[in-house]
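Hi everyone, thanks for coming. I'd like to walk you through one structure today, beginning with the ligand site and ending with some backbone details.

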Amino acid sequence: MTEPHDIVIVGGGSAGCVLAARLSADPNRRVLLIEGGPGYPPDAYPADLTAGSFASIEPYRSWGFASVPGRTGHGITAHAGRVLGGGSAINGGISRRARPNDFERWVEHGLPDWSFEQVVGTFKSLENTEDGVDRWHGRSGPWPVRHSQPEELAAPIRAFLDATAQAGYALVRDFNDPEQAGGYGGEPKNLVDGYRQNTAMVYLTEAVRARPNLTIQCDATVDRIGFEGNRATTVRLIDGQSIWGKEIILSAGVYGSPAVLLRSGIGPAHHLDACGIEVVADLPVGEALRDQPMYVLHYVLKPDPGAGSDDGSGVLWIASSKAADGELDLQLSISVQPDLDADGAPIRALSVWATVVAPRSAGTVRLKSADPRVTPRIDYALLSDESDRRRLHELALIARDIMAREPIASLVVDDDLRGPGASPDELDIAIRIGLTTFLHGTSTVPMGGDDDPAAVVDGWGRVKGVRGLRVVDASIFPEAVSVPVNLTTIMVAERVAEAMLTQARAENA
Ligand SMILES: Cc1cc2nc3c(=O)[nH]c(=O)nc-3n(C[C@H](O)[C@H](O)[C@H](O)COP(=O)(O)OP(=O)(O)OC[C@H]3O[C@@H](n4cnc5c(N)ncnc54)[C@H](O)[C@@H]3O)c2cc1C
């Protein structure tokens, strides 16, 4: 048997790359990062993974997951990056922080260390931006953030934002300022000179990868964790290879981490029994999947609607009539998509992505089989909470109202929102048929205090009831956050790594 690694991290995505970089900074700690997809040198990521603002949703970049039709009536492709950098490598590059109100809901799960006051310092220290005020922003961290402004966006997007102003909403210059109270503006993005950045580029630099105590093993898919008693000791790959680790961290993402846990015997006992898997710990893994329900409205634009790069997006982020104090639970994202008409002639469409960003509905991730080659069963249960359905309906009406205003109204030749004359029932049917998610899944392995029955891990990602095993990624969010998820995931990984380093320093003192 080879000498075990001190830390084995499963999954080199948004969180896993941060953990690998931070935990290997101590030369005495041997760290192994295992990633199921391919890796690339930090300065040689292929164009599809760095191109501007467009997410890379080609099937070969993903794990091939899809949801069951469930209440939605149709399956939804559950994109999940399969590459070093994970979701941060395939995503759209939006870099927005969760809000104070989001973290209040985390604290309610018995997690006093996760208030906004506790986490804001990490948001600042990981950030590198010239935008916003010093009180809220970091200037020298690793993660680059560039906040676009309406003046820089394509003419149709500017026209939409101008119509938004006509409808009475305020301009927001900095969506990452926790004191902003909602409105419209450009998006903050992790772009450098127009190129999208991911955590494998930013955290796993050449210098970090050259550390003798860090090994990165790509194209290696993990089946499950092996235990001696209740201590996690090995990572089993699908080719049967076993890798020993003194501590194992799962960072395999919102579907990958619960799937590995379930195959390892950590999950609801009744479900594991049904799959023929021996129970190691009876915990509610995969029982609280959150994702943001979204309905996209497309509008064909008149020829030559004006100048400006299509490579950017605008946003309207506001409170619904049902929002809690300080909550911004609705969002319209506006982008221009090039397309072809029926005769193959180029056209451009304005896409308005209407999303309930603070969903209450909870879905599930379960196994169809103990075989790691079989994808998990994902049920989003979108809109199963009545308030989500009402709020998405409310937002579609807001979008329709803005689209009827100038200057955007006269730039559009066609729309697909079943026309302004659609009845509420017809609009609900249109939403249900077109329903998808914003691809911001969380909460399948939730953190929580001792008294939280929904919790699988404690406030620092340690799996309850076993030893030597943590989960650190978007799956441990105890609740959804009202933003795209990447930046908050990076913050969570930074904080857990710092807590582990602090604990190790104390033990060695
Ligand atoms: C198409 C798309 C667009 C998005 N756009 C944005 C955006 O613009 N802004 C934003 O903030 N968020 C966005 N998101 C969401 C965001 O990217 C994710 O929430 C975030 O990356 C989650 O990070 P993570 O560390 O939890 O998981 P991931 O980054 O998904 O990392 C998991 C890693 O584990 C690996 N893995 C999984 N299972 C195994 C296994 N069994 N063995 C070995 N390796 C395994 C995966 O290959 C992956 O590299 C988007 C997501 C998608 C899919």
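Let's begin with the shell around the ligand: its residues divide into 15 nonpolar, 19 polar and 3 charged. In that count, Ala, Val, Leu, Ile, Met, Phe, Trp, Tyr, Cys and Pro are nonpolar, Asp, Glu, Lys and Arg are charged, and the others, Gly among them, are polar.

Before I go on, a word on where this comes from: it is a predicted model, in which local features need pLDDT of at least 70 and side-chain atom pairs count only at pLDDT 80 or more, while totals for chains, interfaces and linings use all residues. Residues are numbered from 1 along each chain as its sequence is written, and side-chain values use heavy atoms, with hydrogens and water left out.

Back to the ligand. It is surrounded by 37 residues, and the closest are Ser14, Glu35, Gly87, Val222 and Asn486; a residue is near the ligand if one of its heavy atoms lies within 4 Å of it.

Which helices each supply at least two residues of that shell? They are α1 (14-23), α2 (86-90), α8 (253-263) and α12 (486-508). The largest share, 4 residues, comes from α2. Helices here are DSSP runs of H or I with at least four residues, strands are runs of E with at least two, and both are numbered from the N terminus.

Now for the polar contacts, meaning pairs of N or O atoms within 3.5 Å; within protein, one atom must be able to donate a hydrogen and the other to accept it, and residues adjacent in sequence count only if both atoms are side-chain atoms. A side-chain N or O atom of Glu35 is 2.6 Å from an oxygen atom of the ligand. Asn91 places a polar side-chain atom 3.1 Å from a ligand oxygen, and Gly93 has a polar backbone atom 3.1 Å from an oxygen of the ligand. On its own the ligand has 1,000 Å² of accessible area, and the protein covers 93% of that. Those areas come from the Shrake-Rupley method with a 1.4 Å probe; for residues, only the protein chains shown count as cover.

Let's move to the aromatics. The whole structure holds 12 aromatic pairs. To pair, rings of Phe, Tyr and Trp (its six-membered ring) need centres within 6.5 Å; planes under 30 degrees apart are stacked, over 60 edge-to-face, and the rest tilted. Trp63 and Phe65 make a stacked pair, 6.3 Å centre to centre with 25° between the planes. Are these two partners buried or exposed? Phe65 is buried at a relative accessible area of 9%, whereas Trp63 is partly exposed at 27%. The cut-offs are under 20% for buried, over 50% for exposed and partly exposed in between, with a 1.4 Å probe and protein chains only.

A tilted pair is formed by Trp106 and Trp114, at 5.9 Å centre to centre and 50° between the planes. Both Trp106 and Trp114 are buried.

Elsewhere, Arg99 lies over the face of Trp317, at 5.6 Å from the ring centre. For a charge to sit over a ring, NZ of Lys or CZ of Arg must be within 6 Å of the ring centre and within 35 degrees of the ring normal.

Have a look at Glu127 as well, in strand β3 (residues 127-128). Glu127 is buried at 2% relative accessibility, and its side chain makes a polar contact with that of His137 at 3.0 Å.

Finally, the backbone. Most residues other than glycine have a negative phi, and most peptide bonds are trans. Where does this model depart from that? Two cases sit in the loop between β21 (377-379) and α10: Ala381 and Leu383. Ala381 has a positive phi of about 50° and is buried at 13% relative accessibility. Leu383 has a positive phi near 60° and is buried at 3%.

Then there is a cis peptide bond between Glu406 and Pro407, with omega about 10°. Pro407 lies in the loop between α10 (386-403) and β22 (412-415). Ala404 is in the loop between α10 and β22 too, and it counts as exposed at 60% relative accessibility.

That's my tour, and I'm happy to go back to any part of it.
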